[in-house]
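Dear colleague,

I am passing on the structure below, together with the notes I made while going through it. Please read them with the coordinates open beside you.

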Amino acid sequence: MLKVRGLCSGYGRIRVLEEVDLDVEDGEIVTLIGANGAGKTTLLMTLCGKPQASAGSIAFRGQELRGLATYQIIRRGIAHSPEGRRIFPRLTVLENLQMGAVVCGPDHFQADLDMVLDLFPRLRERLKQRAGTLSGGEQQMLAIGRALMGRPQLLLLDEPSLGLAPMIVRQIFDIIRTINRERAMTVLLVEQNAFHALKLAHRGYVMVNGAVTMQGGGEELLARPEVRAAYLEGGH
């Protein structure tokens with residue numbers, strides 16, 4: 001589905017990504033782990049066209065995305081739930097979900113809304129509530145639900161567990177698993193919570209200083225001593 005080759009990107013003269021290669025196949029959950037500042041968020045943002053890649057290729061279902069505007073990329077079937085949620089705090093929950101559906105038009109809105117509210121029953125109770133008054137966990141549910149309203153083929157999730165209580169983190173990861181298994185949703189997941197991410201993922205990549213240094217099956221990476229030392233036992 002997604003084939004990234006030799007991807008370089010950054011901000012002005014600061015280069016963050018160094019010739020990144022990455023693949024995501026249909027129906028997979030692929031996770032990207034790494035320390036703060038490794039380039040994980042920049043990779044997801046570059047896939048969405050902002051910042052633009054300075055070199056390399058981003059092929060989505062055989063079509064090149066590099067050079068396209070963000071709205072063009074989203075219309076091809078990619079949705080992004082960004083780090084920090086970035087919901088519209090003054091809009092209601094329903095209005096936020098409507099914003100996510102703009103890319104698709106009104107034809108499937110009610111069916112998609114019912115699907116999202118079935119996944120996140122808490123949001124059903126808060127449809128008329130301003131999004132900024134939701135708890136952190138509810139805001140994360142809303143951010144994911146808003147992305148799903150765009151009917152994506154590939155869902156990009158950036159740090160969905162950030163700042164959440166352990167019980168809520170487990171709920172979020174359970175929902176990601178459900179989306180993948182029951183909705184056949186392909187997911188590229190960026191996470192600092194390496195244990196949960198690798199337990200969930202079919203495959204994983206490790207990023208260090210803007211470059212992919214390791215890849216393999218989720219359980220395989222979880223068992224590697226260098227991964228455990230760096231990301232599971234307090235190492236760096």
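Strand 3 (residues 29-33) and strand 8 run parallel and are joined by five bridges, and within this pairing Glu191 of strand 8 is the bridge partner of Ile33. Helices (H or I, at least four residues) and strands (E, at least two) are taken as DSSP runs and numbered from the N terminus, and two strands are said to pair if DSSP finds at least two bridges between them.

Please bear in mind that this is a predicted model, in which local features need pLDDT of at least 70 and side-chain atom pairs count only at pLDDT 80 or more, whereas totals for chains, interfaces and linings use all residues. Residues are numbered from 1 along each chain as its sequence is written, and side-chain values use heavy atoms, with hydrogens and water left out.

Strand 8 is also joined to strand 7 (residues 154-158), again by five bridges and in parallel, with Asp158 standing opposite Val190. Between strand 7 and strand 8 the chain passes through helix 7 (residues 166-183), and this β-α-β crossover is right-handed (that is, with the strands pointing away from the viewer, the path from the first strand over the helix to the second runs clockwise). How many of the six residues of strand 8 are buried? Six of the six in strand 8 (residues 186-191) are, so the strand is largely enclosed by the rest of the structure; buried here means under 20% relative accessible area, exposed over 50%, and partly exposed in between, with a 1.4 Å probe and protein chains only. Thr186, Leu188 and Val190 point one way from strand 8, while Val187, Leu189 and Glu191 point the other way, and all are buried.

These strands belong to an open sheet of six, in the order 6-7-8-3-9-10 and with mixed pairing. Its edge strands, each pairing on one side only, are strand 6 (78-81) and strand 10 (211-217), and the twist from one strand to the next averages 15°. Strand 6 pairs with strand 7 in the parallel sense over four bridges, and Leu154 of strand 7 is the bridge partner of Ile78. Helix 6 lies across strand 6 and strand 7 and runs at about 170° to strand 6, where axes are lines fitted to C-alpha atoms, for helices over the stretch in contact, and angles run from 0 to 180 degrees between N-to-C directions. Helix 10 (residues 225-232) lies across strand 3, strand 9 (203-208) and strand 10, at about 65° to strand 9.

A further open sheet consists of four strands in the order 2-1-4-5, with antiparallel pairing, and its edge strands are strand 2 (14-24) and strand 5 (63-64). Strand 1 (residues 2-11) and strand 4 (residues 55-60) are joined by five bridges, with Leu2 opposite Phe60. Helix 1 (residues 40-47) packs on this sheet, touching strand 1, strand 2 and strand 4, and its direction makes about 110° with that of strand 1. Six of the eight residues of helix 1 are buried, including Leu43, Leu44 and Leu47, and just after this helix Gly49 takes a positive phi of about 90°.

Leaving aside its neighbours within four places in sequence, Phe120 is in contact (heavy atoms within 4.5 Å) with Met141, Ile144, Gly145, Leu148 and Ile175.

The axes of helix 3 (residues 93-100) and helix 6 (residues 136-148) come within 7 Å and cross at roughly 35°, the contact being made by Val93, Asn96, Leu97 and Gly100 of helix 3 and Leu142, Gly145 and Arg146 of helix 6.

Lastly, Arg151 lies in the loop between helix 6 and strand 7 and is partly exposed, with a relative accessible area of 41%. Beyond its neighbours within four places in sequence, Arg151 is in contact with Cys104, His108 and Asp112.

With best regards
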